[in-house]
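Biologist: Could you walk me through this structure, a few places at a time?

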Amino acid sequence: MERPEPEEREDLLAGRQPVMEALKSGRAINKLVVAKGAREGSIREILGMARDRGIPITELERTVLDREVRHHQGIIAHVAPVAYVEVEEILEKAKAKGEPPFVLLLDGLEDPHNIGALLRTAEGAGAHGVIIPKRRGGAITSTVAKASAGAVEYVPIARVTNLVQTVGQLKKAGLWIIGSAMDAPRPYFRQDFRGPVGLIVGSEGKGISPLLREHCDHLVSIPMGGKVDSLNASVAGALLMYERVRQLQEGVKAPQ
């Protein structure tokens, strides 16, 4: 009989890199649980940092950790749930930096690995924040945190009730809303990403919801030359985010 999969929880971080980044960022950690005998490599450094901060450490059999979460690499942190921010705080962050706001919106993505990978890319590409829906989307669970390689500790995340209303709010704040759509006639490399931008990435298969699509100022596509008609959502999002990085660094407008 197969063991049931552990339930996804928002109060756990699993894996060495996510726990290390949580410690570095100063996130509230209630306790660490480490597998018996796990003292090699980065775990030794993690335990040293935890002791310096007075964080309780419990040592348990690895099978106990297996029941809590998958792929824990011998260490789990019991943390305060992710501190979601308000959309206004994301915009204020951009203003404080003197930069045009750049916000990533995720519509309908439920795969925690895709969400985590997009958070990681958003942080690396200089996004001021990420917006996810309370419905038609996944929460920031331990699997998401692990897939983000610690980016959840650094990129502000807002969780909103209505993405359409949030898009309206972003528009009022001066952002152009750009959505990714397979059937859009304009390829992404012909879109100007340099100003204040809200970039929407939809789920694989369904893409951006029809109502949200109607509220986009621009729709862009990623040309496909093979037999597969679309890219993984996290790969597509990465291409679009780093097109913005390229345009900003080169100081050029995309050719029309």
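Modeller: Thr-166 lies in helix H7, residues 163-172; helices (H or I, at least four residues) and strands (E, at least two) are DSSP runs, numbered from the N terminus. This is a predicted model, in which local features need pLDDT of at least 70, side-chain atom pairs count only at pLDDT 80 or more, and totals for chains, interfaces and linings use all residues. Residues are numbered from 1 along each chain as its sequence is written, and side-chain values use heavy atoms, with hydrogens and water left out.

Biologist: Is Thr-166 buried or exposed?

Modeller: Thr-166 is buried, at a relative accessible area of 5%; buried means under 20%, exposed over 50% and partly exposed in between, with a 1.4 Å probe and protein chains only.

Biologist: Which residues is Thr-166 in contact with, leaving aside neighbours within four places in sequence?

Modeller: Those are Val-87, Ile-131 and Val-160, where contact means heavy atoms within 4.5 Å.

Biologist: Turning to H1 and H2, at what angle do they pack?

Modeller: Helix H1 (residues 16-25) and helix H2 (residues 42-52) pack at about 30 degrees, their axes 10 Å apart. Axes are lines fitted to C-alpha atoms, for helices over the stretch in contact, and angles run from 0 to 180 degrees between N-to-C directions.

Biologist: And where is Cys-216 found?

Modeller: Cys-216 is in the loop between helix H8 (210-214) and strand E10 (218-220). Cys-216 is buried too, with a relative accessible area of 13%. Beyond its neighbours within four places in sequence, Cys-216 is in contact with Ile-177, Gly-179 and Ile-200.
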